[in-house]
Amino acid sequence: MPRQYDEDEARRPILQPDTDTDEPTAAVGGSLARLAGRTSDDDELTERLTGCGASACCNPSSFLHRFQALILMCLVGFGSYFCYDNPGALQDTFKSDLNLTTTQFVMLYSIYSWPNVILCFIGGFLMDRVFGIRLGTIIYMFILLIGQLIFAMGATINLFWLMIVGRFMFGIGAESLAVAQNSYAVLWFKGKELNMVFGLQLSFARVGSTVNFLVMVPIYKYVKSLGYQGHMCTGVVLLLATLTCVMSMICALILGWMDRRAARILKRNDAAPGGEVAKLSDVRTFKVSFWMVTVICVAYYVAIFPFIALGKVFFMRKFDFSSEDANTVNSIVYIIAAVASPLFGLLVDRTGRNVLWVFVSVLVTIVAHGMLAFSYLNPYIGMITMGLAYSMLASSLWPLVALIVPEYQLGTAYGICQSVQNLGLAVISMISGMIVDKGGYFMLEIFFIGWLIVSLLATIVIWLYDASNDGLLNMSPAARSLYASKTLQHMSGGQGSSGDMTDSQQERDRRSNDPEAIRNRYLNRVLDGTPTQSDTEPLFE
């Protein structure tokens, strides 16, 4: 028989202690027991499944089913990353077939980022407040698909302005889609698996970029052998690349159906805890550590993505590589990320200390750029080093947002990160093209190293700020669990007996709705890896 809850008990926050007992410590023990030891027979919110629905592959509470959803989450971003670097894989042919300068070529990347300076933030907010995660993902995927089609048609008829319009739309959809992917990951895997999931998502996304660099030149040669020439050949190749976006669209539809089914079966509350809704004014409550994460998003990634976009010609000129060899070494970062990201994510899950790993990642990336700029060592060494550092940073940086920001604001928070990152990429991509045209690739490497130093300083600020507060971001998993337990005990202390019941109730209400108390209860929910953890219990009354 499912446990019957009285009306008052059913309304309590997940970490709010029982107040109908004279022994606070017993109340704490009961609350912890309900958090850590609730069994499926005791969970009145889970629908009993029979037949195929009860099997591991169809039961939303099983790991196998969640792993299937994770594969779809990863494939949703595959087409986006594959098509994003289409120009980079065909840099020399783009410039020759379409008669583009380096500055015009780089504009294909910068125009991708410009709309997302604002729209990516708005996209995350709309997903939190209006669309919801399922509809939002499908809408953004559709915009991305249309943008890629327009981009391909512009190349086919050799209209540069039409290609710019296509990349503009593609950018609007792709970056907002990345926000949706992050929100999906937190929704399905919040707990001890989250770092590994972020790493695996990055891995699959970078498989898209890697496959792009490896297959686009052979596809171009094949299409050219069929009789297509010049801009017509480039356009046909880009139309073929659009098929990956169609595949991702199908995956988004299937994932939306799976998530809706899981929400129905598990009686999952997709509304914000306690009825809270995201507001634009919420950004004023975000802490210094969050804004430093956004600085790292800009300063680190502008030293990776623009470098890869321009890297093919760099390796051809400095190391005398052929076009195919230059593409191969240029894609090493993505190949390494595809393999190493989930492994590093698992390592971070086991060890914690996210800020330390971010610091090490930035430092190693500086070393990698230094090897490429100041030496003639085999470039594979520098690129493999950069790939390992890049994988570690992505696996340790992005999960920090889920520890800093409450869950109902995650779409907005990730949207801000993507927006600020795109502002940096838009500006730095244009500046990078001008630096190459006027000063060469050596000056470009110095430019990138400078930005990496900025990201290193931002990491130090996070470390110091976190250490001066609760130190949660750089704790081990065991220390975080202990911190959650102590927070629960602290919140329940001194509330078991009081002469004035009215004053006691007012004090409990005040502490329950205190922003810091809400955040602590949220962290306990995120950090608790219990599979039967219910999301429907409010974080505050």
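Trainee: Which residue lies over the face of Tyr376, and at what distance from the ring centre?

Mentor: Start with the rule. A charge sits over a ring if NZ of Lys or CZ of Arg is within 6 Å of the ring centre and within 35 degrees of the ring normal. Here Lys318 lies over the face of Tyr376, at 4.8 Å from the ring centre. Arg167 is placed over the face of Phe151, 5.3 Å from the ring centre.

Trainee: What should I know about the model before reading on?

Mentor: This is a predicted model, in which local features need pLDDT of at least 70, side-chain atom pairs count only at pLDDT 80 or more, and totals for chains, interfaces and linings use all residues. Residues are numbered from 1 along each chain as its sequence is written, and side-chain values use heavy atoms, with hydrogens and water left out.

Trainee: How many helices and strands does the protein have?

Mentor: Helices (H or I, at least four residues) and strands (E, at least two) are DSSP runs, numbered from the N terminus. The protein has 23 helices and 0 strands.

Trainee: What share of the residues is buried?

Mentor: Buried means under 20% relative accessible area, exposed over 50%, and partly exposed in between (1.4 Å probe, protein chains only). Of the 541 residues in the protein, 57% are buried. The accessible surface comes to about 21400 Å², and 66% of that belongs to carbon and sulfur atoms. Areas come from the Shrake-Rupley method with a 1.4 Å probe; for residues, only the protein chains shown count as cover.

Trainee: How do I read the span of helix H10?

Mentor: Compare it with an expected span, which is 1.5 Å times one less than the number of residues. H10 (residues 160–189) has 30 residues and reaches 43 Å from its first C-alpha to its last, close to the 44 Å expected. H10 is mostly covered, with 25 of its 30 residues buried.

Trainee: What span does H9 reach, and what follows H9?

Mentor: H9 has 24 residues and reaches 35 Å from first C-alpha to last, close to the expected 34 Å. Asn158 follows H9, and its phi is positive, near 60°. Within H9 (residues 133–156) lies Thr137. Thr137 counts as buried, at 2% relative accessibility. Contact means heavy atoms within 4.5 Å. Leaving aside neighbours within four places in sequence, Thr137 is in contact with Val76, Leu177, Ala180, Tyr184 and Ala252.

Trainee: What share of contacts joins residues at least 24 apart?

Mentor: Among contacts between residues at least 6 apart in sequence, 79% join residues at least 24 apart. Take Met475, in the loop between helix H20 (441–468) and helix H21 (477–492). Met475 is buried, with a relative accessible area of 14%. Met475 and Gly352 are 123 residues apart in sequence, yet 5.9 Å apart in space, C-alpha to C-alpha. Beyond its neighbours within four places in sequence, Met475 is in contact with residues including Thr351, Gly352, Arg353 and Tyr483.

Trainee: Where does Arg353 lie, and what is its phi?

Mentor: Arg353 lies in the loop between helix H16 (332–351) and helix H17 (354–374). Its phi is near 55°, a positive value in a residue other than glycine. Arg353 is partly exposed, at 38% relative accessible area. Asn99 also has a positive phi, of about 55°, although it is not a glycine. Asn99 sits in the loop between helix H6 (91–97) and helix H7 (102–113). At 61% relative accessibility, Asn99 counts as exposed.

Trainee: How many aromatic pairs does the structure hold?

Mentor: A pair of aromatic rings is described by the distance of the centres and the angle of the planes. Rings of Phe, Tyr and Trp (its six-membered ring) pair if their centres lie within 6.5 Å; planes under 30 degrees apart count as stacked, over 60 as edge-to-face and the rest as tilted. The structure holds 25 such pairs. The rings of Phe78 and Phe82 are stacked, because their centres are 6.3 Å apart and their planes are at 20°. Phe78 and Phe82 are 4 residues apart in helix H4 (residues 78–84), about one helical turn. Phe78 and Phe82 are both buried. Phe94 and Phe105 have ring centres 6.4 Å apart and planes at 80°, so this pair is edge-to-face.

Trainee: How many disulfides does a search of the whole structure find?

Mentor: A disulfide is a covalent bond between the sulfur atoms of two cysteines. The cut-off is a pair of cysteine sulfur atoms within 2.5 Å. The search finds 0 disulfides. Cys417 is in none; the nearest cysteine sulfur, that of Cys297, is 4.5 Å away. Cys417 is buried, with a relative accessible area of 0%.
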